[in-house]
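Open the model in your viewer and keep the selection tool at hand.

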Amino acid sequence: MKRNGEAVDDEEFVPDTKKRRVLEQSSPSSSPLVENPLHQLTAYDDIDDEEDVTRGRLRNGYREGVDGYAAAQQNGREVDERGKEEDDSESDDEEDEEHNKGRRSRLVEIRRDCPYLDTVNRQVLEFDFEKFCSVSLSNLNVYACLVCGKYYQGRGKKSHAYTHSVEAGHHVFINLQSERVYCLPDGYEINDPSLDDIRHVLNPRFTREQVQQIDKNKQWSRALDGSDYLPGMVGLNNIKETDFVNVTIQSLMRVTPLRNFFLIPENYRHSKSPLVHRFGELTRKIWHARNFKGQVSPHEFLQAVMKASKKRFRIGAQSDPVEFMSWLLNTLHADLKTSKKRSSIIHECFQGELEVVKEIPGKIMADKRESGDDQDGNANLMDSGTELNSVMSDTSRMPFLMLGLDLPPPPLFQDVMEKNIIPQVPLFNILKKFDGETITEVVRPRLARMRYRVTRLPRYLILHMRRFTKNNFFVEKNPTLVNFPVKNLELKDYIPLPTRGDKERLRSKYDLIANVVHDGKPGEGSYRVFVQRKSEELWYEMQDLHVSETLPQMVALSEAYMQIYEQHQ
């Protein structure tokens, strides 16, 4: 055919409908609009409304349908072969409207009678790990195969879950986000109450009434393998040298208000911190009475810890549970507090107040002034004549979440049996540091004499014994045993406490609820924890997956490193 004297290929004048048919026949499986190869991992033709929204955001308006050519015209990206846009936009709009109507009419069928429900294998289901597709490693729109337990993405005809269902013959899948169950490759939704136990394991739920009754429950639960376990007393997987995390979590699970707060997700819905939500999820799994297994893996929580702490605490590196406890409480508090409410459940449970008297010798102040290091300007208050002999004191109030106790140094020399005697010290002796009279020498940031007095007691008192001292060459561990009462620790007999009004009774009696112990050499070794079960007032020793009942007397014989005491109400 000739146009303006030039030879033109006949293909240019093929009508739109015919041209479109040719395009569809030539490439039925691939869309002409996929520009980024990564889009193929996530852009599945799914039916679920929520999934469409997620996928729509991901592709920024790109929609893969039956009529890919018409969709491209709507996005304004299709230009004809001569570089000019198509003129017949009205017919395109009509086609798009028809296409959208077709999408809306494709509703998911819901059925109760699925012939494949007997293939569901609860033994292999594990929801403690991160929700990533095992093929594409994407966390968008992930389904778990209820036959083999693996995670796959999407359920459209080009998705990994669909391919798995055809290749392996596994037909029942659950959406890990919406908790809906589907049969693939048929594509219908299964509505069967027999799957509710799987939903409860995937996302444990507690009502406020159940939360109030938890400490009264004396009933054991049974796992699928026939073993018995106590809700709240389950072992935690040691993924790799993460026992310092496990003992901290097990200790915090005994703090009733903290546990009750995290068992109900509505309490912290306002927080956008992944650490807060992962900690809540882990709390619900530990206290859930219908688990398939008698242990829980804190894998997702550890991933959130690594990210939030910028790998200060990580899998595969042993750390100090006292440092981790301090970091965790402060981070959770910062993530939970709001602009309206400056406090949080962390401060309500653990925050007390100290009065600190700092005494700096005058000679040091004079030296500081000569060297020009005195930034406080407090030395100007003293007379020049008495400057060298006087002491400048500074009193301040300081909040605390835990109190550090100093142990007496162990003996240097061996006894007749050529063994070092392990000294013992009562807890009350080392608590004298906080009586307001005992002087503690501090070298950093400058030489000073400190006196501490407790002015407000917290509901839960965390004590830690400073067993490890670092010098220029290595870390030393102090083996001194601390003798402490398991019940009725009366603080007012040993340290002066603030006097309340006549109406308010001073609560100064505490009971031990958790005791963290370190075994082995400093820098190595392992941690275990003794915790109390309130419903029966029994003590349990927990070390990773190992959980066993023990006597209260055994708790007091251990090398205590960190303790949590509960105030008598």
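Select β3 and strand β8 (residues 188-190): two bridges join them, and they run parallel. This is a predicted model. Now pick Ile110. Its bridge partner in β8 is Glu189.

Widen the view to the sheet. Strands of a sheet pair through backbone hydrogen bonds, either parallel or antiparallel. Here six strands form an open sheet in the order β3-β8-β7-β6-β4-β5, and the pairing is mixed. Which strands stand at the edges? They are β3 (110-111) and β5 (151-153). Each has a single partner strand, so one side of each is left without a neighbour in the sheet.

Helix α6 lies across β4 (142-145), β5 and β6 (172-175). Against β5, helix α6 runs at about 120°.

Move on to two helices. Select α10 (residues 256-263) and α11 (residues 274-286). Their axes come within 8 Å and cross at roughly 100°. Angles of 65 to 115 degrees count as roughly perpendicular, so α10 is roughly perpendicular to α11. Show the side chains. From α10 come Arg259, Phe262 and Leu263; they meet Val276, Phe279, Gly280, Thr283 and Arg284 of α11. Four residues of this contact are nonpolar, two are polar and two are charged.

Last stop: Glu476, in strand β21 (residues 475-477). Is Glu476 buried, partly exposed or exposed? Glu476 is partly exposed, because its relative accessible area is 40%. Leaving aside residues up to four places away in sequence, Glu476 touches Arg467, Phe468, Thr469, Asn471 and Pro522. Finally, select Lys521. Glu476 and Lys521 are 45 residues apart in sequence, and 8.6 Å apart in space, C-alpha to C-alpha.

Technical notes. Residues are numbered from 1 along each chain as its sequence is written. This is a predicted model: local features need pLDDT of at least 70, side-chain atom pairs count only at pLDDT 80 or more; totals for chains, interfaces and linings use all residues. Side-chain values use heavy atoms; hydrogens and water are left out. Axes are lines fitted to C-alpha atoms, for helices over the stretch in contact, and angles run from 0 to 180 degrees between N-to-C directions. Helices (H or I, at least four residues) and strands (E, at least two) are DSSP runs, numbered from the N terminus. Angles under 35 degrees count as roughly parallel, over 145 as roughly antiparallel, 65 to 115 as roughly perpendicular and the rest as oblique. Contact means heavy atoms within 4.5 Å. Ala, Val, Leu, Ile, Met, Phe, Trp, Tyr, Cys and Pro count as nonpolar, Asp, Glu, Lys and Arg as charged, and the others, Gly among them, as polar. Two strands pair if DSSP finds at least two bridges between them. Buried means under 20% relative accessible area, exposed over 50%, partly exposed in between (1.4 Å probe, protein chains only).
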